[in-house]
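Here are my notes on the model you sent over. Have it open while you read, and start with the ligand.

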Amino acid sequence: MKISAQKEFYGTFAIPGDKSITHRAIMFNAAAKGVAVVTNALLGEDCLSTIRCMRALGAQISVSDNKIFIQGSPCFHDADCDCGNSGTTMRLLMGLVSGRNVRVTFTGDSSLSSRPMERVAAPLRSLGADVRTTDGKAPVRIVPASLVGKEVCTHVASAQVKSAILLAGLGAEGETRVIEPLKSRDHTERMLSAMGADIRVEGNAVSIRKGELHCVNVDVPADISSAAYFMALGALCGETLCKNVGINPTRTGILKVFDAMNVRYCLENEHSVCGEPVADIRVFRSEISPVHLTREIMPSLIDEIPVIAVLCAFSRGESLIEGAEELRVKESDRIASTAEMINSLGGECVSREDGFIIRGKGTLRGGSVPSYCDHRIAMSGAVALTASEFGGEINGAECVNISFPGFYTLLNGNGGTVC
Ligand code: S3P
C-alpha cells in the first residue's frame with residue numbers, strides 16, 4: 001500500500017467502535033440470560049473471531065451493518081474455538097469456560113500461537129481449573145473441573161489476565177479476588193456490574209462472587225487506540241477531530257503524554273454512554289517535545305506506544321520509553337518492530353529490553369516498511385509516512401482489518417475541513 005506524504009492533514013473522523021468493549025459486549029451477552037443488541041460495534045477481524053467462538057459455544061448471534069444481535073446461552077457446548085489473531089478472545093474465553101463443565105480447545109494463528117498463555121492458565125489452575133497449554137502457549141485445552149474462589153495476585157498489569165480470572169470467578173464457589181500491580185483497563189468490571197454480577201472494586205483489587213449475567217444493550221464508543229493515529233496526524237500536520245471517543249481514565253494515558261509533549265488538544269461534548277465516559281477529541285498542529293515514559297503509565301496506553309514512538313521521532317531531542325517490556329509479547333515484538341520501522345524511515349530509535357531511546361530529528365524521510373503482520377505497526381507506519389518528507393509504502397498493509405477496517409480510506413479521504 002502506497003502512502004503519500006501530506007503536509008496538511010485536516011478532517012473530522014468517525015473512528016470505529018472500541019475493540020475491548022466490543023469483545024466484552026459480545027462475549028458477556030452471549031454467556032448471559034436474554035437478548036441484547038450491540039450498536040456501533042467494531043466488526044474487525046478480532047471481534048469476528050469472538051463472534052465465531054461464542055457461536056461455537058452455543059449463542060445465537062447475527063450481524064447487520066455495525067449492529068450485533070445476541071441471544072445468550074448461559075450453558076455452553078463442548079467446542080473447538082479458533083481465536084484467529086485475537087489474544088483478548090483466547091485469554092478471556094479461557095476464564096469464561098473454566099468451571100462451566102465443558103471441554104473446549106482454543107487455537108489461533110501463528111502470531112497468537114507464539115504468545116504466552118500461562119499468565120492466564122496458572123491463576124485459573126489455582127482456582128481449580130484444568131487448563132492444559134502446549135509448552136505454555138496455544139493450543140490450549142480446558143476440561144471440566146470445579147472452581148473455588150480465592151485471592152490471586154497477578155504478576156503483570158494485564159486486563160486480559162484480570163478479566164479471565166474474574167470471568168472464572170463467576171462460576172467459582174465463594175469469592176474470587178484479583179489484585180494487580182498497576183490498574184489495567186476496567187471495561188470488564190463496568191460491564192459485568194451492569195449485567196448484574198456481584199462485583200466490587202477497591203483500588204487495584206477486584207472481587208467477584210458466583211452468579212448469573214443478564215443481557216444488556218451496549219452502545220460502543222469509538223476506540224481511543226484507533227483514534228490515536230488521527231490524533232497524532234492532527235498534532236503533526238494540521239487539525240483533526242475524532243468524534244465520540246471513549247475516554248475511560250484507564251485508557252487515556254495518551255492524553256497525559258500529549259500534555260507532557262506539549263501537543264495541543266481539547267475535549268468537547270463530554271458525556272457518558274452505557275457507563276463509559278466519551279468525548280470528541282480535537283488536536284492541533286504542535287511543536288512536539290521529547291518525553292520520558294515509565295512503567296506506571298504503560299497499562300493506560302500500551303497499544304498506543306508505537307504511534308507515540310513515531311511522534312517522538314518527529315520531536316526534536318531524545319525521548320526515553322521504559323517499563324514497556326509487555327510490548328515484546330503483543331501481535332509482534334513491538335519493541336523490535338517499532339524500532340525497525342522508525343529506523344527504516346530515516347529516524348533513530350535504539351531498542352532496549354524494556355523500551356526505546358528515540359532521537360527525534362523533527363522529521364522522517366519516508367521509505368518502505370513491512371507491517372510485521374501487526375495492525376498497530378502498519379497504522380503507526382502509515383502515520384509516519386503521511387507526515388514524512390517523501391511518503392512511501394507499507395508491505396502487508398491489510399492487517400489493519402484486525403482492529404480498523406476502512407483505515408486507509410479515512411487516511412486518504414481526509415476532507416480538508418474540521419467541523
Ligand atoms: C486488551 C488489553 C491489553 C491490550 C489489548 C486489549 C483487552 O492487553 O493490549 O489490545 O481488551 O483487555 P493486556 O491486558 O494483556 O495488556
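**Notes on the ligand site and the chain**

1. Start at serine 20: an N or O atom in the side chain of this residue is 2.7 Å from an oxygen atom of the ligand. Bear in mind that this is a predicted model, so treat each distance here as computed from predicted coordinates.

2. Aspartate 303 has a side-chain N or O atom 2.7 Å from a ligand oxygen, and for serine 158 a polar side-chain atom lies 2.9 Å from an oxygen atom of the ligand. How much of the ligand's accessible area does the protein cover? On its own the ligand has 380 Å² of accessible area, and the protein covers 95% of that.

3. Around the ligand you'll find Ser20, Arg24, Thr88, Ser158, Ala159, Gln160, Arg185, Ile302, Asp303 and Lys330. Sorted by class, that comes to four charged, four polar and two nonpolar residues.

4. Which helices each supply at least two residues of that shell? They are α1, covering 19-30, and α5, covering 159-169. If you're wondering about the space itself, the ligand takes up the largest pocket.

5. Along its principal axes, the C-alpha trace spans about 60 × 40 × 35 Å.

6. Alanine 138 and proline 139 are joined by a cis peptide bond, with omega about 0°. Where does proline 139 sit? It belongs to strand β9, residues 137-143.

7. Asparagine 262 is another spot to check in the backbone. Its phi is near 60°, a positive value in a residue other than glycine. This asparagine 262 is in the loop between α8 (253-260) and β16 (264-273).

8. Why flag those two places? Most residues other than glycine have a negative phi, and most peptide bonds are trans. The cis bond between alanine 138 and proline 139 and the positive phi of asparagine 262 are what I'd point out to anyone opening the file.

Terms used. Residues are numbered from 1 along each chain as its sequence is written. This is a predicted model: local features need pLDDT of at least 70, side-chain atom pairs count only at pLDDT 80 or more; totals for chains, interfaces and linings use all residues. Side-chain values use heavy atoms; hydrogens and water are left out. A residue is near a molecule or strand if one of its heavy atoms lies within 4 Å of it. A polar contact is a pair of N or O atoms within 3.5 Å; within protein, one must be able to donate a hydrogen and the other to accept it, and residues adjacent in sequence count only if both atoms are side-chain atoms. Accessible areas come from the Shrake-Rupley method with a 1.4 Å probe; for residues, only the protein chains shown count as cover. On a 1 Å grid over the protein atoms alone, a cavity is a set of points where a 1.4 Å probe fits but cannot get out, and a pocket is an open set with protein on both sides within 12 Å along at least five of seven lines; lining residues have an atom within 4 Å of a point. A molecule sits in a cavity or pocket if more than half of its atoms lie within 2 Å of its grid points. Helices (H or I, at least four residues) and strands (E, at least two) are DSSP runs, numbered from the N terminus. Ala, Val, Leu, Ile, Met, Phe, Trp, Tyr, Cys and Pro count as nonpolar, Asp, Glu, Lys and Arg as charged, and the others, Gly among them, as polar.
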